[in-house]
Amino acid sequence: MSMADVSVVVLVALFAATLLPRFNLGLAALPAAFLVGLAADRTAEEVTAFFPSDFFVLIVGITALFAVAQINGTLDWLLDGMLRLVGGRVLLVTLIPFLTGAVLTAVGTLPAAATAIVAPIALGLAARYGISPLIAAVLGITGIISGLLSPLAVYGTSARQLGDKLGIGLPDSAPVSFLAGGLVAGLVVAAGCLVVGLRTGAIPRGRITPASPADPTAPGSGSGTTETVERTGSTKATRVLTLSCLSAVLVLSVGFDANIGYLGLTAAVVQQLVLRLDPGEIVSRIPWNIVLLIGGLLTYVGLMQDLGAFTRISDLLRVEGSPMLSLLVICYIAGITSFAASSIAVFATTMPLVPAVVAEGASPVGAVLAVALASILVDINPLGITGGLILGAAEPDDRPGLFRNLLTYGVVAVIVGPAIACFAFGWW
């Protein structure tokens, strides 16, 4: 067995081990890369060279920026304003989690961070207005999915960076196509949820008077968020500073192609100094587990590429004369693996399989979009970070039923999601 084959077997074992209790994929990926590298006569320095420093800066910078916005109360203020706008119109209230999730991820919030914000809002609104917890949760996560392929989002940025790195040949219009594909997929799922919810009574009809439109504890899942907001105060000057920083990051990254990770870190530090925030509180809100997961897996994937593993996998999966069937196989690999693992990590892992199907005639944009959607459409299940955040935000009495419903939804998504992603978007 060649070392390329060994690296594939180890990767499969790593993902399979995620089903075990107390196994951390990110923690295991780096030593796995080191050991496989040693067996393949690669030095530790050569293995370390595969660590994705650009992704590290991207994730830390963006999450630090939004941590400041949450700590100083600006994020709460924005979300409270949305609640006041819709009043007691239940259908519009139901759409708040969807819109909030879409906006958060579209401007660069990590899916896990966005879920931590959206899940309490979605489940809190569900309890207040008699909406089905499942419908509220699915709408919130679908909104997050809708914005994930934005040019500012981790998925959208990763898709472009990985596409260029792998030589797929993406056109300049690719970021717009990625964003459009994510929006279309999210809107279709959201529309289906609304139709089902209204017909089954899971979403009440009519209009009621909201009991308390502003819920200061909803956006924060951590204990201490309310105390921090009360201590710093979301004054007008604070909000102006934070919104100005967010706008500057957006304009400079989109209009001038500046590095959004470094911009986010710079904006976070400026606000921390001006507002005299505790830097430790900002650092503690950065999802280091996600940083470790992506860093570890992409280091291992870089080693696999160096060993020729993805060329080997591509040869095994290729369906001669039918690039769409080859793409379908890759989409199912992404979808099934994402069911119990990080979707962004799975996407990064499966992207090296795309150049082969593009070389056979598949659309570069369509192939990347199909694999991305196949890995994220199954993200609404109770076995991953997303599901854990949703269940944690639900009422205790609702959790057993919500777990079963999320599991059923996730299984159905694994069966139909990759096929829909491939055949609906693979030709873009």
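Predicted model: local features only at pLDDT ≥ 70, side-chain atom pairs only at ≥ 80, totals over all residues.
## Helix α4

Let's start with α4, which runs over residues 53-71. Its 19 residues reach 27 Å from the first C-alpha to the last, close to the 27 Å expected at 1.5 Å a residue.

Most of this helix is covered up, with 16 of the 19 residues in α4 buried. After α4 comes G73, which has a positive phi, near 90°.

## Helix α6

Next up is α6, made of the 17 residues 90-106. At 1.5 Å a residue it should span 24 Å, and since its end C-alpha atoms sit 25 Å apart, the two values agree. There's a kink in α6, though: about 30° at I96, shortly before the proline P97.

Both residues at that spot, I96 and P97, are buried. Other buried residues of α6 include V90, V93, T94, F98 and T100, along with G101, A102, L104 and T105. As for what follows α6, look at G108: its phi is positive, near 115°.

## A nonpolar patch on the surface

Now to the outside of the model. L30, F51, F56, V283 and W288 form a nonpolar patch there, and together they have about 400 Å² of accessible area. One of these residues, F56, has a number that falls within the 53-71 range of α4.

W288 belongs to another helix, α15, which covers residues 288-307.

How values were computed:
Residues numbered from 1 in each chain as written. Heavy atoms only, no water. Helix = DSSP H or I, 4+ residues; strand = E, 2+ residues; numbered from the N terminus. Expected span 1.5 Å × (residues − 1). Buried < 20%, exposed > 50% of the residue type's maximum accessible area, 1.4 Å probe, protein only. Bend = angle between axes of the 7 residues up to and from the residue. Patch = residues over 30% accessible without salt bridge, like charges linked within 9 Å, V, L, I, M, F, W, Y side chains within 5 Å. Areas by Shrake-Rupley, 256 points an atom, 1.4 Å probe, with all protein chains shown as cover. Salt bridge = Lys/Arg side-chain N within 4 Å of Asp/Glu carboxyl O.
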